[in-house]
There are 2 protein chains.
Amino acid sequence: MGETTLLGIDWGSTNARAFRYDRGGTVIDRRHREIGLLRVADEGWEATFHDHFGDWREEAPTAPVILCGMVGSQQGWSEAPYVACPASTDVLGANLHLIPKSNYLIVPGVQTEDTADVPDVMRGEETQIVGLHLGETHKVCLPGTHSKWVQLDNGLITEFQTYITGELFHVLSHHSILSRTLEEGKPSDGTFLRGLDDSERNGGLLHHLFGVRGLRLFDKLSGSAQADYLSGLLIGNEVRNAIAHLTMDQSVTLVGSDELISRYVIALQHFGRAVEVVDGELAASQGLWQIAEQAGLIGSP
Amino acid sequence: MGETTLLGIDWGSTNARAFRYDRGGTVIDRRHREIGLLRVADEGWEATFHDHFGDWREEAPTAPVILCGMVGSQQGWSEAPYVACPASTDVLGANLHLIPKSNYLIVPGVQTEDTADVPDVMRGEETQIVGLHLGETHKVCLPGTHSKWVQLDNGLITEFQTYITGELFHVLSHHSILSRTLEEGKPSDGTFLRGLDDSERNGGLLHHLFGVRGLRLFDKLSGSAQADYLSGLLIGNEVRNAIAHLTMDQSVTLVGSDELISRYVIALQHFGRAVEVVDGELAASQGLWQIAEQAGLIGSP
């Protein structure tokens with residue numbers, strides 16, 4: 001096993017993915033811990049870091065540590081400012097934020113504004129995106145609680161939009177009138193596809209969501225199928241809006257590794273789009289290394 | 001005071017509006033009680049009825065009692081079947097549901113289906129609508145937790161759509177990431193108007209909702225203005241979709257009496273529509289009388 005040259009952690013709202021790299025940038029060890037932002041609050045960031053990664057630190061006390069994700073938010077370990085679009089590996093590497101009283105560095109978030117001056121933000125996804133090594137023009141989608149749709153031009157993040165699809169699914173499933181009749185069950189692709197199709201009707205999302213209730217009332221949808229249909233309505237609405245201005249020959253690169261990705265693959269293919277899927281953990285590990293290298297954190301071998 | 005000829009109650013999810021009518025159909029007494037469906041569950045419908053309206057009943061033990069609203073739902077006093085569109089005073093009056101072991105009657109709900117066979121339903125609004133005495137063609141909007149947009153042709157309810165706008169506002173304000181930074185404050189029409197305008201941007205509602213977060217993060221929106229902006233985004237989305245297929249010269253009749261109505265007036269006028277506002281309680285009291293008369297419940301004087 002090679003000497004540890006860098007520790008990198010993609011530390012988000014729900015979990016942390018940590019990587020130990022050798023001199024050549026190969027990941028020689030990795031850890032996945034359920035220690036997201038909300039859990040860390042009580043114990044503190046530094047204590048949590050040492051509980052979970054202290055042994056790595058002891059083994060390589062001089063290796064630089066680079067972090068990205070919600071660890072750099074207002075509620076995180078230390079607030080890392082945002083950089084504006086267009087953002088690239090260069091810009092990210094040149095704007096690392098030093099956590100006070102430490103020598104740990106946090107990758108900045110990225111912000112953009114739309115034509116109505118409404119800001120949008122990302123933290124963590126920028127690192128995955130630069131880790132993709134995509135050239136030319138790409139539309140990249142990172143599904144999640146807050147899905148990101150990113151325009152990438154020659155390695156530059158030029159603009160992006162966030163959709164609260166995942167959060168709305170959660171909130172509606174737990175706290176709305178729909179929660180009363182929702183049941184656990186085996187996922188059904190057929191019902192999901194109907195939700196995708198029904199997301200195109202007149203009336204828009206606020207009307208479509210009441211349709212879940214209507215279908216249940218007349219037993220046209222089982223309690224266990226309700227989640228699939230709701231998921232289809234929401235993902236359908238997001239994807240339709242996100243691809244509305246793409247030409248038909250533009251493909252979409254999906255970044256992630258969980259179950260949710262397969263739903264986005266189905267949705268995009270259902271709407272006639274070519275899709276490429278890239279592993280999210282691989283993208284994060286490559287991005288952290290690449291930004292650290294760009295920032296000069298890694299000495300020449 | 002004339003003799004009581006009819007007791008009518010519009011009994012919904014959150015409250016009951018009760019009317020005592022004289023021989024000519026004039027309301028001679030009225031009560032507004034916070035005894036909606038969810039509150040009644042424990043005590044039972046019959047006991048609640050007698051607690052709040054028992055004295056009326058004693059005073060006029062032979063007067064018929066007619067009810068409408070969620071009192072006739074699955075979770076209500078007794079389930080009244082739905083009638084299909086097109087529905088009118090005649091159809092409603094001919095399909096009253098008798099609560100077992102009583103002589104109280106419940107107005108049926110109304111159902112419709114859209115082109116994708118997704119059912120939609122109303123309970124209570126149908127009574128208000130027939131109480132409006134509108135001839136010819138009208139588009140009627142009844143704002144609320146679940147807003148209804150109803151097509152009325154020569155006194156017939158020919159189709160309608162429900163929007164969960166009010167419920168989504170509540171759920172997002174209390175259970176989403178937006179709830180963390182929401183503060184109480186004086187309503188601001190300016191911020192509400194910005195929300196209306198911003199509801200037209202690219203990306204759709206799921207993207208626009210994340211914009212509330214973006215504006216707060218960069219202090220472009222105060223915590224107390226956040227509710228107005230969110231309200232503007234949601235009502236803007238509903239109204240835009242609901243009027244999308246109206247010709248520009250078609251006006252909208254708004255039914256209601258609370259604060260919410262003024263928001264819909266602002267929204268519709270902002271989108272260039274003529275608006276007429278009708279009091280919801282008046283509509284309910286007239287509708288109950290009219291359906292009872294149609295059903296032959298009220299003897300000739």
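This is a predicted model: local features need pLDDT of at least 70, side-chain atom pairs count only at pLDDT 80 or more; totals for chains, interfaces and linings use all residues.

His133(B) counts as partly exposed, because 13 C-beta neighbours fall inside 10 Å. You'll find it in the loop between helix H4 (125–130) and strand E10 (137–142) of chain B. Check the backbone while you're there: phi of His133(B) is near 55°, a positive value in a residue other than glycine. Most residues other than glycine have a negative phi, and most peptide bonds are trans.

Next stop, Lys101(B), in the loop between strand E6 (97–98) and strand E7 (104–106) of chain B. Its phi is positive too, near 60°, and again the residue is not glycine. Is Lys101(B) buried or exposed? Exposed, because its C-beta neighbours inside 10 Å number 8.

Now for some peptide bonds. Select Cys85(B) and Pro86(B): a cis peptide bond joins them, with omega about 0°. Pro86(B) sits in the loop between strand E5 (82–84) and helix H3 (89–94) of chain B. Then hop over to chain A, where Cys85(A) and Pro86(A) are also joined by a cis peptide bond, omega being about -5°. Here the loop holding Pro86(A) runs between strand E5 (82–84) and helix H3 (89–93) of chain A.

While you're in chain A, pick Arg33(A), in strand E3 (residues 27–33). It has 16 C-beta neighbours inside 10 Å and therefore counts as partly exposed. Which residues does Arg33(A) touch, leaving out those up to four places away in sequence? Asn15(A), Ala16(A) and His52(A).

Show both chains for the next view. Rotating by 180°, with 0.0 Å of shift along the axis, superposes chain B on chain A at an RMSD of 0.0 Å. The two copies are thus related as by a two-fold rotation axis. The same surface serves both of them, as 100% of the contact residues of chain B recur in chain A.

Stay at that interface and colour the contacts. On chain B, 37 residues are in contact with 37 residues of chain A. Which elements of chain B each supply at least two residues of the side that touches chain A? They are strand E9 (119–122), strand E12 (156–163), helix H5 (165–175), helix H7 (204–217) and helix H8 (223–243). H7(B) gives the largest share of that side, ten residues. Colour by residue type and the side of chain B that touches chain A divides into 17 nonpolar, 13 polar and seven charged residues.

Keep H8(B) selected. Of its 21 residues, 18 are buried, so the helix is largely enclosed by the rest of the structure. Its length checks out too: at 1.5 Å a residue, the 21 residues of H8(B) should span 30 Å, and the end C-alpha atoms are 31 Å apart, which agrees.

From here go to Phe192(B), in helix H6 (residues 189–198) of chain B. Phe192(B) is buried, because 24 other C-beta atoms lie within 10 Å. Not counting residues up to four places away in sequence, Phe192(B) touches Asp228(B), Ser231(B), Gly232(B), Arg263(B) and Ile266(B). For a sense of scale, draw a line to Phe49(B): Phe192(B) and Phe49(B) are 143 residues apart in sequence and 40 Å apart in space, C-alpha to C-alpha.

Now bring up the largest nonpolar core, which has 174 residues. The residues with the most contacts inside that core are Ile66(A), Leu67(A), Ile106(A), Ile66(B), Leu67(B) and Ile106(B). Within chain B, the core draws at least three residues from each of domain 1 (6–131 + 286–294) and domain 2 (165–278). Zoom in on Ile106(B): leaving aside neighbours within four places in sequence, its contacts include Leu67(B), Val71(B), Ala80(B), Leu96(B) and Ile99(B).

Last stop: helix H10 (residues 280–294) of chain B. At 1.5 Å a residue, its 15 residues should span 21 Å, and the end C-alpha atoms are 21 Å apart, which agrees. Among the buried residues of H10(B) are Gly280(B), Leu288(B), Trp289(B) and Ile291(B). Step just past H10(B) to finish at Gly296(B), which takes a positive phi of about 80°.

Key:
Residues are numbered from 1 along each chain as its sequence is written. Chains are lettered from A and ligands numbered from 1 in the order in which they are written. Two residues are in contact if their C-beta atoms, placed from the backbone, lie within 7 Å. Helices (H or I, at least four residues) and strands (E, at least two) are DSSP runs, numbered from the N terminus. Ala, Val, Leu, Ile, Met, Phe, Trp, Tyr, Cys and Pro count as nonpolar, Asp, Glu, Lys and Arg as charged, and the others, Gly among them, as polar. The expected span of a helix is 1.5 Å times one less than its number of residues. A residue is buried if 20 or more other C-beta atoms lie within 10 Å of its own, exposed if 12 or fewer, and partly exposed in between; C-beta atoms are placed from the backbone. A nonpolar core is a set of buried Ala, Val, Leu, Ile, Met, Phe, Trp, Tyr and Cys residues joined through C-beta atoms within 7 Å. Domain bounds come from an automatic or database domain assignment. Copies are superposed by least squares on the C-alpha atoms of residues with pLDDT of at least 70 in both.
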